[in-house]
Amino acid sequence: MRIKISVTRSAVFFFLGLSLTAAAQQTRVGNLVGNAAHGKALYQRYCIFCHGTYGDGAGESAPYLDPKPRDFTKATFKCRSTASGSLPLDSDLYDTISRGVHASGMPSWRPLLRQDRVDLVAYIKTFSPRFQEEKPGAPLPIPPESPSSPESAKRGADLFQSMNCWLCHGKEGRGNGPSASSLTDSKGYPITPFDLSSGTRSKCGDSDAGLFRDLMTGLDGTPMPSFADALKPDQAWDIVHYIHTLRAGAKGGISQAQAAPKAE
(Lines give C-alpha, C1' and ligand atoms only; values in the text may rest on other atoms or scores of the structure.)
Protein backbone atom coordinates (compact mmCIF):
# COMPACT_ATOMS: atom_id res chain seq x y z
CA MET A 1 0.00 0.00 0.00
CA ARG A 2 2.81 2.40 0.86
CA ILE A 3 4.42 1.69 -2.48
CA LYS A 4 1.19 2.46 -4.32
CA ILE A 5 0.71 5.70 -2.43
CA SER A 6 4.29 6.70 -3.17
CA VAL A 7 3.86 5.93 -6.86
CA THR A 8 0.60 7.85 -6.98
CA ARG A 9 2.13 10.91 -5.36
CA SER A 10 5.09 10.73 -7.72
CA ALA A 11 2.71 10.62 -10.66
CA VAL A 12 0.83 13.65 -9.39
CA PHE A 13 4.00 15.68 -9.03
CA PHE A 14 5.21 14.47 -12.43
CA PHE A 15 2.07 15.59 -14.23
CA LEU A 16 2.00 18.84 -12.26
CA GLY A 17 5.52 19.50 -13.45
CA LEU A 18 4.50 18.80 -17.03
CA SER A 19 1.56 21.19 -16.68
CA LEU A 20 3.73 24.00 -15.36
CA THR A 21 6.33 23.35 -18.03
CA ALA A 22 3.69 23.56 -20.76
CA ALA A 23 2.51 26.89 -19.38
CA ALA A 24 6.08 28.17 -19.25
CA GLN A 25 6.65 27.28 -22.90
CA GLN A 26 3.86 29.69 -23.80
CA THR A 27 5.43 32.57 -21.90
CA ARG A 28 8.04 34.72 -23.58
CA VAL A 29 9.19 38.28 -22.97
CA GLY A 30 11.88 39.36 -25.38
CA ASN A 31 14.44 36.57 -25.46
CA LEU A 32 13.45 35.21 -22.04
CA VAL A 33 11.25 32.12 -21.65
CA GLY A 34 9.21 31.70 -18.49
CA ASN A 35 9.70 28.83 -16.05
CA ALA A 36 6.39 28.38 -14.21
CA ALA A 37 7.85 25.93 -11.67
CA HIS A 38 10.36 28.56 -10.53
CA GLY A 39 7.63 31.19 -10.77
CA LYS A 40 5.55 29.19 -8.31
CA ALA A 41 8.33 29.32 -5.72
CA LEU A 42 8.64 33.08 -6.20
CA TYR A 43 4.86 33.49 -5.98
CA GLN A 44 4.74 31.60 -2.69
CA ARG A 45 7.47 33.83 -1.30
CA TYR A 46 6.30 37.24 -2.49
CA CYS A 47 2.71 37.18 -3.80
CA ILE A 48 0.65 34.62 -1.92
CA PHE A 49 -0.15 36.91 1.03
CA CYS A 50 -2.25 39.21 -1.14
CA HIS A 51 -3.27 37.11 -4.15
CA GLY A 52 -3.83 33.87 -2.23
CA THR A 53 -2.84 30.24 -2.61
CA TYR A 54 -5.19 29.74 -5.53
CA GLY A 55 -4.57 33.08 -7.20
CA ASP A 56 -8.12 34.23 -6.46
CA GLY A 57 -7.15 37.44 -4.68
CA ALA A 58 -8.11 36.02 -1.29
CA GLY A 59 -4.76 36.09 0.50
CA GLU A 60 -4.37 36.78 4.22
CA SER A 61 -3.71 40.48 3.60
CA ALA A 62 -6.55 40.96 1.09
CA PRO A 63 -9.22 42.15 3.58
CA TYR A 64 -7.00 45.10 4.51
CA LEU A 65 -6.25 46.27 0.97
CA ASP A 66 -8.11 48.82 -1.12
CA PRO A 67 -8.39 48.23 -4.01
CA LYS A 68 -8.50 44.45 -3.65
CA PRO A 69 -5.73 42.22 -5.05
CA ARG A 70 -6.20 40.94 -8.60
CA ASP A 71 -8.08 37.63 -9.01
CA PHE A 72 -5.89 35.76 -11.48
CA THR A 73 -8.45 33.00 -11.99
CA LYS A 74 -10.60 35.43 -14.01
CA ALA A 75 -7.71 36.49 -16.28
CA THR A 76 -9.12 40.03 -16.14
CA PHE A 77 -6.38 42.64 -15.97
CA LYS A 78 -6.46 46.43 -15.72
CA CYS A 79 -3.17 47.20 -17.42
CA ARG A 80 -3.07 45.87 -20.96
CA SER A 81 -2.10 46.95 -24.43
CA THR A 82 -4.89 44.79 -25.87
CA ALA A 83 -8.59 45.50 -26.40
CA SER A 84 -11.08 45.39 -23.54
CA GLY A 85 -12.11 41.84 -22.68
CA SER A 86 -9.09 40.20 -24.31
CA LEU A 87 -6.11 38.55 -22.67
CA PRO A 88 -3.03 40.68 -22.06
CA LEU A 89 0.30 40.07 -23.73
CA ASP A 90 3.02 38.40 -21.69
CA SER A 91 4.85 41.73 -21.86
CA ASP A 92 1.82 43.49 -20.33
CA LEU A 93 1.90 41.22 -17.27
CA TYR A 94 5.67 41.57 -17.06
CA ASP A 95 5.40 45.37 -17.17
CA THR A 96 2.78 45.36 -14.40
CA ILE A 97 4.93 43.20 -12.16
CA SER A 98 7.94 45.40 -12.87
CA ARG A 99 6.17 48.76 -12.52
CA GLY A 100 3.55 47.93 -9.88
CA VAL A 101 0.08 49.48 -9.87
CA HIS A 102 0.07 53.06 -8.61
CA ALA A 103 -2.36 53.93 -5.77
CA SER A 104 -2.80 50.27 -4.83
CA GLY A 105 -1.11 47.67 -2.65
CA MET A 106 0.78 46.29 -5.67
CA PRO A 107 4.41 47.43 -5.44
CA SER A 108 7.09 47.44 -8.08
CA TRP A 109 9.01 44.16 -8.24
CA ARG A 110 11.78 45.63 -10.36
CA PRO A 111 14.41 44.54 -7.79
CA LEU A 112 13.78 40.94 -8.92
CA LEU A 113 15.81 39.65 -11.82
CA ARG A 114 14.19 39.98 -15.26
CA GLN A 115 14.07 36.17 -15.52
CA ASP A 116 12.31 35.97 -12.14
CA ARG A 117 9.62 38.37 -13.33
CA VAL A 118 9.09 36.38 -16.53
CA ASP A 119 8.84 33.20 -14.44
CA LEU A 120 6.17 34.87 -12.30
CA VAL A 121 4.19 35.70 -15.44
CA ALA A 122 4.38 32.04 -16.48
CA TYR A 123 3.03 30.87 -13.13
CA ILE A 124 0.31 33.52 -12.89
CA LYS A 125 -1.03 32.30 -16.22
CA THR A 126 -1.55 28.80 -14.78
CA PHE A 127 -4.39 30.08 -12.57
CA SER A 128 -6.80 30.58 -15.48
CA PRO A 129 -7.63 28.11 -18.28
CA ARG A 130 -8.16 31.09 -20.57
CA PHE A 131 -4.42 31.23 -21.19
CA GLN A 132 -4.57 27.68 -22.55
CA GLU A 133 -7.78 28.20 -24.53
CA GLU A 134 -7.35 31.71 -25.96
CA LYS A 135 -4.68 33.83 -27.52
CA PRO A 136 -3.95 37.38 -26.37
CA GLY A 137 -5.50 40.17 -28.39
CA ALA A 138 -3.44 42.27 -30.76
CA PRO A 139 -1.99 45.40 -29.13
CA LEU A 140 -3.93 48.53 -29.95
CA PRO A 141 -1.84 50.97 -31.98
CA ILE A 142 -0.72 54.19 -30.32
CA PRO A 143 -0.36 56.89 -33.00
CA PRO A 144 2.08 59.78 -32.67
CA GLU A 145 0.96 62.35 -30.12
CA SER A 146 -0.77 65.39 -31.56
CA PRO A 147 0.65 68.80 -30.57
CA SER A 148 -0.16 69.90 -27.03
CA SER A 149 -1.67 73.38 -26.90
CA PRO A 150 -4.26 75.39 -24.97
CA GLU A 151 -6.69 74.72 -27.82
CA SER A 152 -6.12 70.95 -27.55
CA ALA A 153 -6.62 71.06 -23.77
CA LYS A 154 -9.86 73.04 -24.24
CA ARG A 155 -11.16 70.42 -26.66
CA GLY A 156 -10.18 67.77 -24.14
CA ALA A 157 -12.07 69.62 -21.41
CA ASP A 158 -15.18 69.67 -23.56
CA LEU A 159 -14.84 65.94 -24.22
CA PHE A 160 -14.26 65.25 -20.53
CA GLN A 161 -17.64 66.84 -19.90
CA SER A 162 -19.56 65.45 -22.89
CA MET A 163 -18.27 61.89 -22.37
CA ASN A 164 -19.37 62.14 -18.71
CA CYS A 165 -15.88 61.48 -17.36
CA TRP A 166 -16.59 64.06 -14.65
CA LEU A 167 -19.41 61.93 -13.20
CA CYS A 168 -16.78 59.59 -11.74
CA HIS A 169 -13.56 61.61 -11.73
CA GLY A 170 -15.12 64.91 -10.67
CA LYS A 171 -15.03 68.26 -12.45
CA GLU A 172 -11.53 68.92 -11.07
CA GLY A 173 -10.38 65.34 -11.73
CA ARG A 174 -10.02 64.53 -8.04
CA GLY A 175 -11.97 61.25 -8.15
CA ASN A 176 -14.93 62.75 -6.28
CA GLY A 177 -17.64 62.96 -8.93
CA PRO A 178 -21.32 62.42 -8.07
CA SER A 179 -21.14 58.73 -9.10
CA ALA A 180 -17.90 58.01 -7.24
CA SER A 181 -19.41 56.76 -3.99
CA SER A 182 -21.54 54.12 -5.70
CA LEU A 183 -18.91 52.53 -7.94
CA THR A 184 -17.85 48.89 -7.53
CA ASP A 185 -15.37 46.62 -9.27
CA SER A 186 -16.29 43.44 -11.16
CA LYS A 187 -16.46 41.47 -7.89
CA GLY A 188 -18.74 43.97 -6.17
CA TYR A 189 -16.13 45.67 -3.98
CA PRO A 190 -16.32 49.48 -3.65
CA ILE A 191 -13.77 51.20 -5.84
CA THR A 192 -12.65 54.82 -5.94
CA PRO A 193 -12.12 56.60 -9.28
CA PHE A 194 -8.54 57.62 -9.90
CA ASP A 195 -7.51 61.11 -8.81
CA LEU A 196 -6.28 62.54 -12.11
CA SER A 197 -4.90 65.62 -10.36
CA SER A 198 -2.66 63.67 -7.98
CA GLY A 199 0.58 63.70 -9.96
CA THR A 200 2.34 62.44 -13.04
CA ARG A 201 1.65 58.75 -12.43
CA SER A 202 -1.48 56.91 -13.51
CA LYS A 203 -2.58 53.39 -12.62
CA CYS A 204 -0.68 51.77 -15.46
CA GLY A 205 2.32 54.03 -15.98
CA ASP A 206 3.57 57.59 -16.08
CA SER A 207 3.70 58.44 -19.77
CA ASP A 208 1.31 60.22 -22.13
CA ALA A 209 1.26 57.07 -24.27
CA GLY A 210 0.13 55.14 -21.19
CA LEU A 211 -2.76 57.54 -20.60
CA PHE A 212 -3.78 57.27 -24.26
CA ARG A 213 -3.66 53.48 -24.02
CA ASP A 214 -5.79 53.43 -20.86
CA LEU A 215 -8.46 55.54 -22.57
CA MET A 216 -8.55 53.18 -25.54
CA THR A 217 -8.28 49.83 -23.73
CA GLY A 218 -10.17 50.65 -20.54
CA LEU A 219 -9.25 49.13 -17.19
CA ASP A 220 -10.95 45.73 -17.19
CA GLY A 221 -12.44 44.72 -13.85
CA THR A 222 -13.25 48.36 -13.01
CA PRO A 223 -15.98 50.79 -14.13
CA MET A 224 -13.44 52.49 -16.45
CA PRO A 225 -14.56 51.49 -19.98
CA SER A 226 -12.74 51.49 -23.27
CA PHE A 227 -13.33 54.56 -25.44
CA ALA A 228 -11.82 52.98 -28.55
CA ASP A 229 -15.17 53.09 -30.36
CA ALA A 230 -16.15 56.52 -29.07
CA LEU A 231 -13.00 58.62 -29.56
CA LYS A 232 -10.81 59.36 -32.52
CA PRO A 233 -7.06 59.27 -31.79
CA ASP A 234 -6.72 63.08 -31.87
CA GLN A 235 -9.63 63.36 -29.42
CA ALA A 236 -7.98 60.93 -27.03
CA TRP A 237 -4.79 63.00 -27.19
CA ASP A 238 -6.85 66.12 -26.44
CA ILE A 239 -8.11 64.44 -23.24
CA VAL A 240 -4.55 63.48 -22.31
CA HIS A 241 -3.53 67.14 -22.73
CA TYR A 242 -6.48 68.20 -20.59
CA ILE A 243 -5.45 65.80 -17.83
CA HIS A 244 -2.14 67.66 -17.71
CA THR A 245 -4.05 70.86 -16.90
CA LEU A 246 -5.83 69.08 -14.04
CA ARG A 247 -2.45 68.20 -12.60
CA ALA A 248 -1.26 71.76 -13.01
CA GLY A 249 -4.52 73.06 -11.55
CA ALA A 250 -4.06 70.98 -8.41
CA LYS A 251 -0.74 72.76 -7.84
CA GLY A 252 -1.66 76.31 -8.71
CA GLY A 253 -5.39 76.79 -9.11
CA ILE A 254 -7.89 75.35 -11.56
CA SER A 255 -6.91 75.59 -15.20
CA GLN A 256 -8.82 77.93 -17.50
CA ALA A 257 -9.23 74.99 -19.90
CA GLN A 258 -11.63 73.27 -17.55
CA ALA A 259 -15.21 72.93 -18.77
CA ALA A 260 -17.91 73.03 -16.13
CA PRO A 261 -20.38 70.14 -16.25
CA LYS A 262 -23.72 71.05 -17.72
CA ALA A 263 -26.78 70.86 -15.51
CA GLU A 264 -28.63 67.58 -15.80
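1. Contact here means heavy atoms within 4.5 Å. Keep in mind as you read that this is a predicted model. With that cut-off, Tyr 43 touches Ile 48, His 51, Gly 52, Thr 53, Gly 55, Phe 72, Leu 120, Tyr 123 and Phe 127, once residues up to four places away in sequence are set aside.

2. On to the cores. The largest nonpolar one has 21 residues, and Tyr 43 is among those with the most contacts inside it, along with Phe 72, Phe 77, Leu 120 and Phe 131. At least two residues of this core come from each of helix 2 (36-46), helix 4 (90-99) and helix 5 (114-124). Helix 5 gives the most, with 5 residues. There's also a second, separate core of 20 residues, including Phe 227, Leu 231, Trp 237 and Val 240.

3. Have a look at Arg 70, in the loop between helix 3 (48-51) and helix 4. Arg 70 is buried but has no salt bridge: Asp 185, the nearest side chain of opposite charge, is 6.3 Å away, and a salt bridge would need a nitrogen-oxygen pair within 4 Å.

4. What does the side chain of Arg 70 reach at 3.3 Å? That would be the backbone oxygen of Thr 76. Beyond its neighbours within four places in sequence, Arg 70 is in contact with His 51, Gly 55, Asp 56, Gly 57, Thr 76, Phe 77, Lys 78, Asp 220 and Gly 221.

Technical notes: Residues are numbered from 1 along each chain as its sequence is written. This is a predicted model: local features need pLDDT of at least 70, side-chain atom pairs count only at pLDDT 80 or more; totals for chains, interfaces and linings use all residues. Side-chain values use heavy atoms; hydrogens and water are left out. A nonpolar core is a set of buried Ala, Val, Leu, Ile, Met, Phe, Trp, Tyr and Cys residues joined through side-chain atoms within 4.5 Å. Buried means under 20% relative accessible area, exposed over 50%, partly exposed in between (1.4 Å probe, protein chains only). Helices (H or I, at least four residues) and strands (E, at least two) are DSSP runs, numbered from the N terminus. Lys and Arg count as positive and Asp and Glu as negative; His and the chain ends are not counted. A polar contact is a pair of N or O atoms within 3.5 Å; within protein, one must be able to donate a hydrogen and the other to accept it, and residues adjacent in sequence count only if both atoms are side-chain atoms.
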